[in-house]
Amino acid sequence: MRKPKRAAREAIAFEGGPPIRSEFLPFGRPLITEEEIAAVGQVLRSGWIGMGKRTIEFEAAFAAACGARHAVSVSSCTAGLHIALVAAGLGPGHEVITTPLTFVATVNTILETAATPVLVDIDPHTLNIEAAAVAAAITPRTRAILPVHFGGLACDLPAFGELARGRGLAIIEDAAHAVGARCAGKTIGGHGNLVAFSFYPNKNITSIEGGMVTTDDDALAEEMRLLRMHGLSSDAWRRFSAKEVVVSEAIRSGYKYNLTDVQSVLGLMQLARLEEFLRTRERYAAIYDRELDGLPIDRQTRPAVAAAHAESPPADRHGLHLYVILLRLNELTVDRNTILKALRAENVGAGLHYLAIHEHHYFQSILPYRRGDFPVAESVSERTLTLPLSPSMSEDDLWDVIEAVRSVLTHFRKS
């Protein structure tokens, strides 16, 4: 237990007092070593910086880590979701069932295929969609289920699998938050579905930007490789490294969604440290749990953390990309946005994940949903905050966040 930096009688920073921290703590700063920087430098000096052998190595290593047959690298998780939907045959007249509590990319990629997003409400404890709600929303036009592993907590993939198999539906997982998460004894990416991952700077591992799509289907993997590179029959590396003339032919239309070797070498080295990163996230989350207990907040459900000496990986594991708290607004004198401003005044970079999809002005203009349609997602959307959680944080950083949250919520707590 660290001695508080601010005396109990001092005003919070939002009301003119001194902030807990002198420097701003970003929400999710990546942890990048000098060794990783040197490896990137080697690729830059190699003469080949586009998609090449390091990208192929990264794909193979990521597929092995997930227990998948294939991993197709892409420029972002958004690109990955898009080509997964296209490869699965989604198009006009088709419906895709997904969640209202997600980043806009989830719905935008469905719209880019000209398919229709169908939203269902979330569970108040997991913050994920459930099989019963999905089943109730299935129509003759439904072609896919797109679950989002919110914060890194896996959805009920066995239940979705049962639904999909009986109806011939595709499952396309949005695993932007879930690198390293597990469900029912398998790592996310290893359940045989199309699964899109993110390597954005604040994610569980980073390649600066970038993503990956895993699948066990040979034909879908080959289709996505075509889609990410203009629909051409061979990419630049294969043309460059071949000893004979290779004429690259357009087999279908496609996009420019490839990853580079500069990004891939960083991703490879980060992947090797994933278990270290996850254990740090789990340790910090446990400290948050203990030290924030008794405040007017609720937390997302999490599976129990396996003991450090466990001989086999846990059946279920939260990826802990996000540490989510839900404010009990009925016990506070202000709204969530005021709490967020007050934490940032303390130089603590708390985040907001997310404004529910159907409450965005744009989606209100094109989708048939209105406030009141998804009461759980709406409640979460107005109460949610995410606290900084990253292996790059020191324990002092962690205690600063704890003190700031305690101080702000105590100040605004109803007497």
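Reader: Let's start with Ile 208. Is Ile 208 buried, partly exposed or exposed?
Author: Ile 208 counts as partly exposed, because its relative accessibility is 47%. Keep in mind that this is a predicted model.

Reader: Noted! Where is Ile 208 found?
Author: Ile 208 sits in the loop between strand E8 (194–198) and strand E9 (211–215). Its phi is near 75 degrees, a positive value in a residue other than glycine.

Reader: What about Leu 127, what is phi there?
Author: Phi of Leu 127 is near 70 degrees, again a positive value in a non-glycine residue. Leu 127 belongs to the loop between E3 and helix H5 (131–137). With a relative accessibility of 1%, Leu 127 counts as buried.

Reader: Switching to peptide bonds: which residues does a cis peptide bond join?
Author: His 353 and Tyr 354 are joined by one, with omega about 0 degrees. Tyr 354 is in the loop between H11 and H12.

Reader: Nice. Now the cores: how many residues are in the largest nonpolar core?
Author: The largest nonpolar core has 57 residues, and Phe 62, Phe 160, Ile 188 and Phe 197 have the most contacts inside it. A second, separate core has 34 residues, among them Ile 20, Leu 292, Leu 332 and Leu 409. As a general point, nonpolar side chains in soluble globular proteins tend to be buried together.

Reader: Which residues is Phe 62 in contact with?
Author: Beyond its neighbours within four places in sequence, Phe 62 is in contact with Phe 197, Phe 199, Ala 71, Val 179, Ile 205, Met 212, Thr 214 and Leu 271.

Reader: Let's do a helix. What should H10 span, and what is the distance between its end C-alpha atoms?
Author: Helix H10 covers residues 274–291, which is 18 residues. At 1.5 Å a residue, H10 should span 26 Å, and its end C-alpha atoms are 26 Å apart, so the two agree.

Reader: Which residues in H10 are buried?
Author: Among them are Leu 274, Phe 277, Leu 278, Thr 280, Arg 281, Glu 282 and Tyr 284. Further along H10, the buried residues include Ala 285, Ile 287, Tyr 288 and Asp 289.

Reader: What covers the buried residues of H10?
Author: The cover includes helix H9 (261–272) and helix H14 (395–411), along with strands E10 (297–299), E11 (323–327) and E12 (384–387).

Reader: Okay, charges. How many salt bridges does the count come to?
Author: The count comes to 29 salt bridges. One of them joins the side chains of Arg 273 and Glu 36, at 3.1 Å from N to O. That pair links distant parts of the chain, 237 residues apart: Arg 273 is in the loop between H9 and H10, and Glu 36 is in helix H1 (residues 34–46). Both Arg 273 and Glu 36 are buried.

Reader: What about Glu 291, which residue does it form a salt bridge with?
Author: Glu 291 forms one with Arg 290, and the closest N and O atoms are 2.8 Å apart. Glu 291 counts as buried, at 13% relative accessibility, whereas Arg 290 is exposed, with a relative accessible area of 52%.

Reader: Which residues are linked in a network of salt bridges?
Author: The network links Arg 2, Lys 5 and Arg 21 with Asp 397, Asp 400 and Glu 403.

Reader: Last one: in which sense do E2 and E3 pair, parallel or antiparallel?
Author: Strand E2 (residues 95–98) and strand E3 (residues 116–119) pair in the parallel sense, over four bridges. Val 96 stands opposite Pro 117 in E3. Between E2 and E3 the chain crosses through helix H4 (residues 104–112), and this β-α-β crossover is right-handed.

Definitions and conventions:
Residues numbered from 1 in each chain as written. Predicted model: local features only at pLDDT ≥ 70, side-chain atom pairs only at ≥ 80, totals over all residues. Heavy atoms only, no water. Helix = DSSP H or I, 4+ residues; strand = E, 2+ residues; numbered from the N terminus. Expected span 1.5 Å × (residues − 1). Buried < 20%, exposed > 50% of the residue type's maximum accessible area, 1.4 Å probe, protein only. Contact = heavy atoms within 4.5 Å. Core = buried A, V, L, I, M, F, W, Y, C linked by side-chain atoms within 4.5 Å. Pairing = 2+ DSSP bridges. Right-handed = clockwise from strand over helix to strand, strands pointing away. Salt bridge = Lys/Arg side-chain N within 4 Å of Asp/Glu carboxyl O.
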